[in-house]
Amino acid sequence: MKTDELIAALSTNVEPINRRLVGRSVGVALAVGIVVAIGIMFIALGVREDLTTPRAVIFLFLKLAFAIGTVGAASVYLMRLARPGGERRVSSGLAALPFMAILLLAGVSLGQAPSSHWDKIVMGNDWLECLISIPIIAVLPFAVVIWAVRQAAPTNLVRTGAFSGLLAGGVSAIGYALHCTDDSLPFIALWYGSTIVLCTLAGAILGPRLLRW
């Protein structure tokens, strides 16, 4: 068979690609991941009891804004990375914006507080619980996201795994924020930010194994 005949044979009866499949799969995985993360928080940790106070509501809003911003940026990039060659259309700058914003706010907050209070503001009461809880809660959302991405055909498995981890870490932070009573911007920047970064690094390491064709 000549080359032209081979190409003609391969292009015969080719079914059209469903371009909405990737977005739909990631969207379903995101919704399931959020439900799972909030469910784990309800069962294992419980919702903070002071949500009737204005301060608690304001800081819950700030924590959710950071987490949702991270999830939104990660979702956009992940839908591109899930397609073959999608990494050529991805610049990670947008994903860094929520982290830059919370770091800026944390710096302003520390600048307005006496240095003798910095240790308490940064470490809070439950930094260890935050450090452990967000990565653990992220495990199941990460598994769901990986399942969704495997329905597509990513070609850069390290970056796709990293953004899967970033998305799972942000989803986990949404659930944990409903429980967390440490209300300071430096605490959110350090402990929420670092644990989400840990999830991102874990995703980058696991991506080549879990997303291999």
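# Close-up views of an all-helix model

Figure 1. Read along the sequence, the protein follows the pattern α-α-α-α-α-α-α-α-α. This is a predicted model, and in it the protein has nine helices and zero strands. The C-alpha trace spans about 80 × 35 × 25 Å along its principal axes. Of the 213 residues, 43% count as buried. Among contacts with a separation of 6 or more, 85% are between residues 24 or more positions apart.

**Figure 2. The largest nonpolar core and the residues that touch the most other members.** Let us step inside. The largest nonpolar core has 51 residues, and Phe-163, Leu-167 and Tyr-192 touch the most other members. The elements that give two or more residues to this core are α2 (21–45), α3, α4, α6 (127–137), α7 (139–150), α8 and α9 (185–210).

**Figure 3. Helix α8, mostly covered.** Helix α8 covers residues 157–177, 21 residues in total. From its first C-alpha to its last, α8 reaches 30 Å, close to the 30 Å expected at 1.5 Å a residue. Of the 21 residues in α8, 19 are buried.

Figure 4. The whole structure holds five aromatic pairs. In the pair shown here, the ring centres of Phe-66 and Phe-99 are 5.3 Å apart and the planes stand at 85 degrees, so the pair is edge-to-face. Phe-66 belongs to helix α3 (residues 54–81) and Phe-99 to helix α4 (residues 93–112), so the pair ties together parts that are 33 residues apart in sequence. Phe-66 is buried, at a relative accessible area of 5%, and Phe-99 is buried as well, at 17%.

**Figure 5. Tyr-192 and its ring cluster.** Ring pairs link Tyr-192 with Tyr-176 and Phe-187 into a cluster. Leaving out residues up to four places away in sequence, Tyr-192 touches Lys-63, Phe-66, Cys-130, Ile-134, Ala-173, Tyr-176, Ala-177, Cys-180 and Phe-187. Phe-66, from the edge-to-face pair with Phe-99, is thus named again among the residues that Tyr-192 touches.

Figure 6. Lys-63 is found in helix α3. Is Lys-63 buried or exposed? With a relative accessibility of 0%, Lys-63 counts as buried. A polar atom of the Lys-63 side chain lies 3.1 Å from the backbone oxygen of Asp-182. Beyond its neighbours within four places in sequence, Lys-63 is in contact with Arg-48, Ala-177, Cys-180, Thr-181, Asp-182, Asp-183, Ile-188 and Tyr-192.

Figure 7. The structure holds zero disulfides. Cys-130 is in no disulfide, and the nearest cysteine sulfur belongs to Cys-180, 5.9 Å away.

Conventions: Residues numbered from 1 in each chain as written. Predicted model: local features only at pLDDT ≥ 70, side-chain atom pairs only at ≥ 80, totals over all residues. Heavy atoms only, no water. Phe/Tyr/Trp six-rings, centres within 6.5 Å; stacked < 30°, edge-to-face > 60°. Helix = DSSP H or I, 4+ residues; strand = E, 2+ residues; numbered from the N terminus. Buried < 20%, exposed > 50% of the residue type's maximum accessible area, 1.4 Å probe, protein only. Disulfide = S-S within 2.5 Å. Polar contact = N/O pair within 3.5 Å; in protein donor to acceptor, adjacent residues only side chain to side chain. Contact = heavy atoms within 4.5 Å. Expected span 1.5 Å × (residues − 1). Core = buried A, V, L, I, M, F, W, Y, C linked by side-chain atoms within 4.5 Å.
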